[in-house]
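Please read it beside the sequence and the coordinates.

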Amino acid sequence: MKQIHLKRGKEESLLRFHPWVFSGAIHHTDADISEGDTVRVLSASGEFIAVGHYQQGSIAVRVLSFEDTAINDALWHDRLGQALQTRKAIGLVDSPQTTAYRLVHGEGDMLPGLIIDIYGQTAVMQAHSIGMHRQRQQIAQQLMEVMDGRITHIYYKSETTLPFMEPENGFIIGGSDENTALENGLRFYVDWQRGQKTGFFVDQRDNRSLLEHYAHGRRVLNMFCYTGGFSFYAMRGGAELVHSVDSSAKAIELTRRNVELNFPGDPRHEAFCEDAFKFLDIAQNSEPGTKPYDLIILDPPAFAKHRAALHNALKGYTRLNAKAFERIAPGGILFTFSCSQVVTKEHFRNAVFTAAAQARRSVRILHQLHQPADHPINIYHPEGEYLKGLVLYVE
C-alpha cells in the first residue's frame, strides 16, 4: 500500500479521529501515487495514523480506518452492515409506510465519499471520491449481500459528483423501470436518471411530516419545490390551497406527477415554473382582495458550496426570507432552510433575523430543524451537519 507522510504536528486532528487529511498537512508522498489509491498515512516520525483514499484537491485523503487494516470486501461488508443496523434501530428498514431512506451517509457511516439511498427495490449509489468510484463494483456486491433480498437493483449515479471522470450513470446490478417509492404512506416518483442528487431529497422526510401538522386550512406556498414533497404533505394535512414554485420546468412536471399520484384531480394544487424572487414580487403586488399565503416553505438549493461564497450566500438568504416575511399573512408559519454546509446554524439564524427586522415583523421560533437520523453526523466530523432550518410564527 502506498504511503503519505505528514508534516510535523499535522497529525493532531487525525488523532482526534477527524476523517480528512488536508493537502497542506502533507510533507511528501510516494512517487507513483495516483488519485483513488488506497494509502497509509504516516506521521512525520513514521508512525501509522490512518488508511484511506487519496485524491488531489484540498481534501487529500478521506480516512476509511484508523487501524492499519486492508480495505477489502470484509471492510465494505462490515461498514454496510453497520449502516443497515443503524437504520433498523431508527425503524426505517422493512417499514410498510416508508420504502425510501438513506442507507449510507458518507462520513456519518464511516464511508467517506459514498452515498447510498434506497427507493423500494432499488439502491442508488453515488460516489463523491475517485476511490469510491474505482471500488463501486466491490461495494455493490457487498451491498447486495448485506441487504439480503431487500433490493434487487443498484443504479450508479456519479456524473454530477465526479464530472471530470465522466463516469456513466446506469444500473450496475439488475435494472428496473419501477421508480415509485413510499414516504410515510405517500407515493412519489424518483427520477434517479435525470433528477438532482439521487432523485429525491430524503433528508426532508421528518420536516415534511412536521409541516403536515401545520397545514390544515392554510394557503400554502412551496418555493423551490423540486419534486413537490412539501406540497403533497400539505395537501394531506388539509391545506386550503397549495402553490408549488420552481425555476425548473422538469421539476414542475415531476411535482405535478407526484401530486396527481397522491391526489388525482385535486383542484387545490397549482404549479408555477418561475424564478423564486420574481414570483414573490408578483405575489406581493397581487390584485387587491387576494388572500395572502399563511404557510410558506423556503427550501432553496445551496447558496454557498464553498467558504469563499459565504458572504454572498448570507445576503441571498436574508433577501429571500425578507421577501417571505413581507408576503406572509399575520399569524402565518414560515418553514425556512439552508442546506449549505459552510453556512452554520448561527450564520443562518442571523440572516433570517436580519430579514425579519428589515420586514419589521414580530417573529417567534417554534422549531429548530435539522437532517434526519438516517443522515447521521460523525461526532468527530461536525462538517457533516449540513441541513438547518427554522419554523417561525410570524405575527
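Helices (H or I, at least four residues) and strands (E, at least two) are DSSP runs, numbered from the N terminus. The model is predicted, so local features need pLDDT of at least 70 and side-chain atom pairs count only at pLDDT 80 or more, while totals for chains, interfaces and linings use all residues. Residues are numbered from 1 along each chain as its sequence is written, and side-chain values use heavy atoms, with hydrogens and water left out.

**Backbone with positive phi**

Most residues other than glycine have a negative phi. N184, which is not a glycine, has a positive phi of about 50°. N184 sits in the loop between β12 (180–183) and β13 (186–189). N184 counts as partly exposed because its relative accessibility is 27%.

F224 is not a glycine either, and its phi is positive at about 55°. The loop that holds F224 runs between β14 (219–223) and α6 (229–236). With 18% relative accessibility, F224 counts as buried.

**The sheet**

An open sheet is formed by five strands in the order β7-β8-β9-β10-β11, with mixed pairing; two strands pair if DSSP finds at least two bridges between them. Its edge strands, β7 (100–105) and β11 (170–173), each pair on one side only. From one strand to the next the twist averages 25°. Strands β9 (residues 122–127) and β10 (residues 153–156) pair in the parallel sense over four bridges, and M125 stands opposite Y156 in β10. Helix α2 (residues 73–89) packs on the sheet, where it touches β7 and β8 (114–119), and its direction makes about 140° with that of β7. Contact here means heavy atoms within 4.5 Å; axes are lines fitted to C-alpha atoms, for helices over the stretch in contact, and angles run from 0 to 180 degrees between N-to-C directions.

**N207 in helix α5**

N207 belongs to helix α5 (residues 205–214) and counts as buried at 5% relative accessibility. Its side chain and that of Q204 are joined by a polar contact of 2.7 Å. A polar contact is a pair of N or O atoms within 3.5 Å; within protein, one must be able to donate a hydrogen and the other to accept it, and residues adjacent in sequence count only if both atoms are side-chain atoms. Neighbours within four places in sequence aside, N207 contacts F230, F335, F337, L369, H370 and L387.

**Salt bridges**

A salt bridge is a side-chain nitrogen of Lys or Arg within 4 Å of a carboxyl oxygen of Asp or Glu. The whole structure holds 17 salt bridges, including those tabulated here.

| Pair | Closest N to O distance |
|---|---|
| R205 and D374 | 2.9 Å |

R205 forms a salt bridge with D374. R205 lies in helix α5 and D374 in the loop between β19 (363–370) and β20 (388–394), so this pair ties together parts 169 residues apart in sequence. R205 and D374 are both buried.

E212 is in helix α5 and R236 in helix α6, so parts 24 residues apart in sequence are tied together. E212 counts as buried at 16% relative accessibility, whereas R236 is partly exposed at 33%.

R364 is in strand β19 and E395 in the segment after β20, 31 residues apart. E395 counts as partly exposed, at 36% relative accessibility. A network of salt bridges links K2, D37 and R134.

Terms used:
Buried means under 20% relative accessible area, exposed over 50%, partly exposed in between (1.4 Å probe, protein chains only).
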